[in-house]
Amino acid sequence: MRAAALTLLCGVAACAHAAEGEITLWKEIDVEPYMGSFVSPGDLDADGRVDFLLSQMGPHTTPAALIALDHKGGKLWEVGDRAYRARTAGRANEPTCRGIASVFDVDGDGRAEVIAELWERDRPMLVLLDGATGKMKHRIPSPFDMSVRRPKGHASSRPVPMALIAHLDGPDKRPSIVLKYEASNRIPCHVVALGPDLRVRWRLKTRPTGMGHIPTVADLDGDGRDEIVLGQTVLNGDGSVRWQRTFGIHADCTDVADLTDSPGREVLVSICSKGPAYCLAGTDGKTLWQKTRKDVPHGQAIWAGDFMPKRPGQEVVILCSGHVGKFMTVAGDSGKALARFSHLTQVSAYPDFPVKVRWTDPKTHTLWIPVDRRLVDGFGKTVRDLGRFDKQVAERLACGATKKHLAAQAIAIDLCGDGREDLLLYQPYHGRAVFIFTQADSKGAPKPYRHQPNAYNFRTYF
């Protein structure tokens, strides 16, 4: 029987015996006692090593429980509604979204906090907890009360709340917490910015299509202050609308990159259900290029990066046929089609959300395809798969062919010291482990943990 907290650490000697180019298992944490958890990495206890915040879905997208594990899988603390967890044990709760539960040092004291919601006395509360102890530091009624979550006369199925960290006042000022709430065109959208003490700085309500599932925090104009890309709506740091477009339906995904010679950075937006995908000027939202709806009938996701390292410039990869099926790689500066490829595993209506990973080197990107359990380049060519670990991951993460048995979800994060990103794999409904894989030529030496956007501004709703 497995211990409740199992850690496998790949040291220098072990890594040296890996086959050339083979992926290497750096750490496995047993989370079977907490099955049904979304994973957020961070240094909770300020010892310089990666820890794990587990959040389990509760009422109205609030976490029913938050469990903090150290780098070995030992429990640091737990808060939440034990009675609710007991009633729902073994159930994969809908909707398939993370809820609000992140790790970040928001007050700048060198120790991480947990930003989360909890359901208390029949209402959602927004809390800021000490990362090491779970002790309450601040708490307020959530800005997303039930009038937001379930407004009168509106259905609120498939809501996707999200917490973001943004430097709205510049990199040398304390960050803000930005929360957004929307539900696939079904209810009005809301966004609110709060300070480290949870005092509201500003808030905005938009039409039901004004925001999308995956927002992006980025400095669009180079002034050192972050803007918030919410899909059809882009906000300045003070909450004012920089620009807004009308695409008729919500954006599934956004990204930001410097792709053209135009001033500032560009905004990429992929549109749900009806497509297509757009490259917009970050300064004013004007269209620089777009794909047709024939090319992108359902823009489920979009990523910018160097996916074809032998080609100059950056590329954009689009998951263009919904959750499964076809990908298209285009030139970042013009939108010209460069390649097309497909999932190897075809499962009807399977929810799959790939993740961009700097696996080969710190400047080159690959894409982790969860349902296929492989990293690919911009041509769809396999860069690395799990090799001899594939069966172990599939079994421990309960990878299957239904929404309740999602594929191996990933967070790309640099933990092993050389600037490349490692793969943290988990499954939020029935997964019994958290895996971290690194490159075969990595020394496997843990580096001091540092905040990385992929670990707190998530690019997936699973």
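This is a predicted model: local features need pLDDT of at least 70, side-chain atom pairs count only at pLDDT 80 or more; totals for chains, interfaces and linings use all residues.
1. The largest cavity has a volume of about 80 Å³. Sorted by class, the lining has seven nonpolar, four polar and one charged residues.

2. Which residues surround the second largest cavity? Its lining includes Val 31, Tyr 34, Met 35, Tyr 426, Gln 427 and Val 434. The space inside comes to about 40 Å³. Here the classes are seven nonpolar, four polar and no charged residues.

3. Now for the open spaces. The largest pocket has a volume of about 1,000 Å³. Its lining is made of 41 residues, and those that lie nearest the centre are Asp 255, Lys 356, Arg 358, Pro 453 and Asn 454. Several elements give two or more residues to this lining, including strand 10 (162-166), strand 18 (251-257), strand 26 (355-357) and helix 5 (453-456). By class, you will find 18 nonpolar, ten polar and 13 charged residues around the pocket.

4. Lys 356 and Asp 255 form a salt bridge, with their closest N and O atoms 3.6 Å apart. Lys 356 sits in strand 26 and Asp 255 in strand 18, so to speak distant parts of the chain, 101 residues apart. Are the two partners buried or exposed? Residues under 20% relative accessible area count as buried. Asp 255 is at 7%, so Asp 255 counts as buried. Lys 356 has a relative accessible area of 23% and is therefore partly exposed.

5. How many salt bridges turn up in the whole structure? The search finds 27. The general idea is a simple one: side chains of opposite charge can pair when their charged atoms come close. One of these salt bridges joins Arg 149 and Glu 117, whose closest N and O atoms are 2.5 Å apart. This pair, too, links distant parts of the chain: Arg 149 belongs to helix 3 (residues 146-149) and Glu 117 to strand 7 (residues 113-120), 32 residues apart. Both Arg 149 and Glu 117 are buried.

6. Another salt bridge to find on your screen is the one between the side chains of Lys 447 and Asp 414, at 2.9 Å from N to O. Both partners lie in loops: Lys 447 is between strand 32 (433-438) and helix 5, while Asp 414 is between strand 30 and strand 31 (422-426). Asp 414 has a relative accessible area of 4%, so Asp 414 is buried, whereas Lys 447, with 23%, is partly exposed. Salt bridges can also share partners, and in that way Glu 28, Asp 30, Glu 32 and Arg 396 are joined into one network.

7. Let's step back to the chain as a whole. The protein chain has five helices and 32 strands. Its C-alpha atoms fill a box of roughly 55 × 55 × 45 Å along the principal axes. Why can we call the overall size that of a compact globule? With 462 residues, a compact globule would have a radius of gyration near 23 Å, and the protein chain has 21 Å, which agrees. Of the 462 residues, 61% count as buried. Among contacts between residues at least 6 apart in sequence, 53% join residues at least 24 apart.

8. A last stop is Pro 175, which you can find in the loop between strand 10 and strand 11 (176-181). Pro 175 has a relative accessible area of 9%, so Pro 175 is buried. Leaving aside neighbours within four places in sequence, the residues in contact with Pro 175 include Phe 104, Asp 105, Ile 165, His 167 and Pro 196. For a sense of distance, the C-alpha atoms of Pro 175 and Ala 86 are separated by 37 Å, and these two residues are 89 apart along the chain.

Key
Residues are numbered from 1 along each chain as its sequence is written. Side-chain values use heavy atoms; hydrogens and water are left out. On a 1 Å grid over the protein atoms alone, a cavity is a set of points where a 1.4 Å probe fits but cannot get out, and a pocket is an open set with protein on both sides within 12 Å along at least five of seven lines; lining residues have an atom within 4 Å of a point. Grid points are joined across faces, edges and corners, and a volume is the space filled by probe spheres set on the points. Helices (H or I, at least four residues) and strands (E, at least two) are DSSP runs, numbered from the N terminus. Ala, Val, Leu, Ile, Met, Phe, Trp, Tyr, Cys and Pro count as nonpolar, Asp, Glu, Lys and Arg as charged, and the others, Gly among them, as polar. A salt bridge is a side-chain nitrogen of Lys or Arg within 4 Å of a carboxyl oxygen of Asp or Glu. Buried means under 20% relative accessible area, exposed over 50%, partly exposed in between (1.4 Å probe, protein chains only). The radius of gyration is taken over C-alpha atoms; the globule rule is 2.2 Å times the number of residues to the power 0.38. Contact means heavy atoms within 4.5 Å.
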